[in-house]
Amino acid sequence: MKNLTSFNELPQITFEGPKSKNPLAFKHYNADEVVEGKTMKEHLRFSVVYWHTFRNPLADPFGAGTALRPWDDGSDSLANAKNRVQEAFTFMQKLGVPFYAFHDRDVAPEGKTLAESNANLDAVADELEAHQKETGIKLLWGTACLFTHPRYAMGAGTAPNADIFAYGAAQVKKALEVTHRLNGEGYVFWGGREGYATLLNTDMKRELDHLAKLLHLAVEHKKKIGFKGPFYIEPKPMEPTTHQYDSDVAACLNFLREYDLLDYFKLNIETNHATLAGHTMQHELEAAIGADALGSIDANMGDTLVGWDTDQFPTDIYLTTQIMLRVLKMGGFTTGGLNFDAKVRRESFEPIDLVYAHIAGMDAFARGLKIASEIRADGRLEQFVKDRYATWDSGFGAKIEKGEVSLEDIEAYVMEKGELTPNTSGRQELLEDIVNQFI
Ligand code: XUL
Ligand code: CO
């Protein structure tokens, strides 16, 4: 499939099973296969991102873009933007992906004024709406790009200049309305430049107050226009800022709680952002699930040897297994999904690489789902964790949990019990071996 000029030339990508050697077939993702009572399609809710897949030229800080995209004339014209919609939907259809996601400026060109940008967005939204109707493909979430244009060099919601804040807020208004019009299941806030480069020039408290103000304004507007989907905050600790305020799940939850926003927001958690924050993806998912705030996932992975957001396609089976264990544990996605916020390598510059990359990610998650489900059916891991906390299930532990004892009662209990030693092993190595049995 070299020299592909349009995704129209592709065959429909179908499931051929693990033995297939056809690079244009799924080996594990079988959309209609039922796992734990739902089809794979319903569990995984895959989504293609407009920005990396259709707008990223594959440049890096040391070199120009390499991507060959024969359907794209490289111009910022409205006609080119509309033409791209056609290719994007053909691509998603051939892969059988049910959702997509976009920033306002990915789909439509920025105009000379906000009015012009809004008109461009409306014109492309007409195309998107028509293609959604025709194909049944849905919008997982929309968002406003508040980080590319030079006006946002110092942030939008946290800009030191009130007029820039206002511009950003106006852009959010429009992006939210277009997301609503296209029946988006959710709406994302990723604060790429909502942070600082140096504290020497920054009033942190004031900036945080402003960020919360922007989010409250958006909540008010969402109610006004009747948008029912959740808002998501997407944590990331840095890049492009030195410090991003939404640095990890715990920081986001604290911010949302402090500013009374928790009722309206869940989290959109991205693997490579978790690792940049010094956490595993599992950690971030657990932190969000514990607060009933896991909304959606930006599915990608980083490179352990490279210290930036490499946004690679998630092909690591251990990772996808760990993610799917958590998604199953929380009872599955509702409005969220697995959104491939991932880009092909600069070396993978042909159109067909976009197809291979998505097949790789979808197969890796299909395996993760099946493995996670087997681990759950086996039950040993879950039982181990349950047993580890058994002393809280009855007796004095249960009384502490229920709040029935004071520190005085506890002291008396300990005096009577006498000295203690750890009496259960953590068994990490055994547990890792159990996981390996399924992978
Ligand atoms: C950047 C990133 C964004 C958000 C949407 O690292 O992940 O693409 O997902 O703005
Ligand atoms: Co993302």
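## Before you look

This is a predicted model, in which local features need pLDDT of at least 70 and side-chain atom pairs count only at pLDDT 80 or more, while totals for chains, interfaces and linings use all residues. Residues are numbered from 1 along each chain as its sequence is written, chains are lettered from A and ligands numbered from 1 in the order in which they are written, and side-chain values use heavy atoms, leaving out hydrogens and water.

## The barrel

Eight strands make a closed barrel: follow β5-β6-β7-β8-β10-β12-β13-β14, with parallel pairing. From one strand to the next, the twist averages 30 degrees. Strands here are DSSP runs of E with at least two residues, and helices are runs of H or I with at least four, numbered from the N terminus. Two strands pair if DSSP finds at least two bridges between them.

Now back to that opening pair. Strand β5 (residues 46–49) and strand β14 (residues 338–340) run parallel and are joined by 3 bridges.

Helix α7 (residues 204–225) lies across β8 (186–189), β10 (231–233) and β12 (265–270). The helix runs at about 160 degrees to β10; axes are lines fitted to C-alpha atoms, for helices over the stretch in contact (heavy atoms within 4.5 Å), with angles from 0 to 180 degrees between N-to-C directions.

## Salt bridges

The whole structure has 16 salt bridges, meaning a side-chain nitrogen of Lys or Arg within 4 Å of a carboxyl oxygen of Asp or Glu. One of them joins Glu129 and Arg181, with the closest N and O atoms 2.8 Å apart. Glu129 sits in helix α5 (residues 114–135) and Arg181 in helix α6 (residues 162–181), so this pair ties together parts 52 residues apart in sequence.

Lys173 and Glu177 also form a salt bridge, at 3.0 Å; both are in helix α6, 4 residues apart, or about one turn of the helix. Then there's Lys236 with Glu239, at 3.4 Å. Lys236 is buried at 3% relative accessible area, while Glu239 is partly exposed at 29% (buried is under 20%, exposed over 50%, partly exposed in between, with a 1.4 Å probe and protein chains only).

## A nonpolar patch

Val385, Tyr389, Trp392 and Ile400 form a nonpolar surface patch with about 360 Å² of accessible area together. Areas come from the Shrake-Rupley method with a 1.4 Å probe, and for residues only the protein chains shown count as cover. Patch residues have over 30% relative accessible area and no salt bridge; like charges are joined within 9 Å, nonpolar side chains (Val, Leu, Ile, Met, Phe, Trp, Tyr) within 5 Å.

Tyr389 is in the loop between α13 (380–388) and α14 (395–402), and counts as partly exposed at 43% relative accessibility.
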